[in-house]
Amino acid sequence: MSLRPAAREHLFTNRTVDRYRRALADGLDRVATRISSTERPFTGVTPDQLALEVSAVDLDRPLGDVREALDEIEDVYLRDAVYFHHPRYLAHLNCPVVIPALLGEAVLSAVNSSMDTWDQSAGATLIERRLVDWTAERIGLGPAADGVFTSGGTQSNLQALLMAREEAGTGANLRILTSAAGHFSVQKAARLLGLGPDAVVVVETDRHRRMSPTGLARELQGCREAGQTVMTVVATAGTTDFGSIDPLPAIADLCLAAGVWLHVDAAYGCGLLTSKTRRHLLDGIERADSVTVDFHKSFFQPVSSSAVLVRDRAVLRHATYRADYLNPARMVEQRIPNQVDKSLQTTRRFDALKLWLTLRIMGADAIGELFDAVVDRASAAFDLLSEDPRFEVVTRSPLSTVVFRFVPTGLPADLPADLARDLADRANLHAREALAASGAAVVAGTTVDGQHHLKFTLLNPETSLDDIAEVLELVAEHAGRFVREQTPDLTYSVG
Ligand SMILES: Cc1ncc(COP(=O)(O)O)c(C=O)c1O
């Protein structure tokens, strides 16, 4: 069946570069206009409202025209998207992105290299390898280090745990030790690797939410006594909820003594690799057997961009499978490089190009400056909250996270403690939802010691302390009003 000419005009080829230029210019213009005019990080649209707009689109009746399609995505996407570049988006580990990386994104998707084999990527393979080496060198993993780009921290952690499991042997009773503040992708990886429901052992944390070395020593001993094999300790350099960094040197000592693989999940904290003033906070990471880094968190890269690095390149063989059509053994003999031998994926994006252009245009120091700025801001936000009697703040993060909660004051002394706790929980939950519904700010939430808390993850250097102070006022207003409405018979007063 031959393609109709109209269809061919949509293919990006040597004949259609003008159409490509026009379509992308229209798209860029739309995004630029939207970004420059966004007054709130979110409109507060509900899933039901937006579902109506999305389901009204007839996918079997193409519009045929770029501008009409862009008008339509204004309604189904751009108008109500959540905008991470907005200074009052304070919620999850999402960053505003740097322009060199956006340029990389446009180039890589147009050329559309696939990172599996040399004959689908050529220079891209070498560029990714240079960036893997650059990252491993910043970490200090040594001369035998290697790694591969992945889709994100979840995949990086999965691959690291796969390698650790293979190195430990596939016997029964394998255990993974990580702290209570570790990322849930560790549990997920354990499940995907077919380990039992008890495979992940939670090590206690100290009051700063860092893994306790004493607790780790105890769990290692416990596993030994129970005849269990610890296949890896997962330390976290930048916990998702608290931004805490586990004591890497002490953990590395314990792993060395026990002969256990150390994986450091630095999905969040990896930004410190570029910091001129805080790199030392990652000291000990160079002793890891494997490391997860998420460039799409603290390197200001667009999703996706992550990597898993290993101290000994030989362990990457645990991801190697051969297919005659793709990566036959003779390629190794012919010294033709390929990345598929190291990856869980086959067809894979050339995400490395974004980081490459970032380093070539702005440089690593500039990334470090941006990350340092948000860490400084988080520290100032912590001080602000500590001085405000309306709030309780959990712990000062060495990174850019602030966990806190509104605490109703002026409640009657005879109000039972469980009711007061429940009221505080609901008030904080309500404040978060009310803020999102108003679109004035987006903040995250989490549970700390069974109590609902609010969370800022600051990744936008444009977020000022005034923005933070304004958001805190809004939180106090929403939460305070909620408490007053719930307790009309109490003589309650909120500041
Ligand atoms: C510490 C940590 N590890 C792993 C992940 C998972 O990364 P991704 O969302 O890129 O899969 C996250 C995500 O927030 C994280 O905070």
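Begin by selecting R377, A380, A381, L384 and L385 in helix α14 together with L465, I468, A469 and L472 in helix α16; these two groups meet. The contact of α14 with α16 divides into eight nonpolar, no polar and one charged residues. Please note that the model on display is predicted.

**The α14–α16 pair**

Next, show the two helices as a cartoon. The axes of α14 (residues 364-386) and α16 come within 10 Å and cross at roughly 40°. That angle makes α14 oblique to α16. The crossing in which α14 passes α16 is right-handed.

**The α15–α16 pair**

The crossing of α15 past α16 is right-handed.

To view the contact itself, select L423, R426, A427, H430, A431, A434 and L435 on the α15 side, and V471, L474, V475, H478, A479, F482, V483 and Q486 on the α16 side. By class, this contact of α15 with α16 comprises 11 nonpolar, three polar and one charged residues.

**The largest pocket**

Colouring by residue class shows 23 nonpolar, six polar and three charged residues in the lining of the largest pocket.

**The second largest pocket**

For the last stop, select L93, H183, T240, D294 and K297, which lie nearest the centre of the second largest pocket, itself lined by 21 residues. The elements giving two or more residues to the lining of the second largest pocket are α7 (153-168) and α11 (295-298). With three residues, α7 supplies the largest share of this lining. The second largest pocket holds about 320 Å³ of space. By class, the lining of the second largest pocket has four nonpolar, 13 polar and four charged residues.

Definitions and conventions
Residues are numbered from 1 along each chain as its sequence is written. This is a predicted model: local features need pLDDT of at least 70, side-chain atom pairs count only at pLDDT 80 or more; totals for chains, interfaces and linings use all residues. Side-chain values use heavy atoms; hydrogens and water are left out. A crossing is left-handed if the near helix is turned anticlockwise from the far one by less than a right angle, and right-handed if clockwise. Helices (H or I, at least four residues) and strands (E, at least two) are DSSP runs, numbered from the N terminus. Contact means heavy atoms within 4.5 Å. Ala, Val, Leu, Ile, Met, Phe, Trp, Tyr, Cys and Pro count as nonpolar, Asp, Glu, Lys and Arg as charged, and the others, Gly among them, as polar. On a 1 Å grid over the protein atoms alone, a cavity is a set of points where a 1.4 Å probe fits but cannot get out, and a pocket is an open set with protein on both sides within 12 Å along at least five of seven lines; lining residues have an atom within 4 Å of a point. Grid points are joined across faces, edges and corners, and a volume is the space filled by probe spheres set on the points. Axes are lines fitted to C-alpha atoms, for helices over the stretch in contact, and angles run from 0 to 180 degrees between N-to-C directions. Angles under 35 degrees count as roughly parallel, over 145 as roughly antiparallel, 65 to 115 as roughly perpendicular and the rest as oblique.
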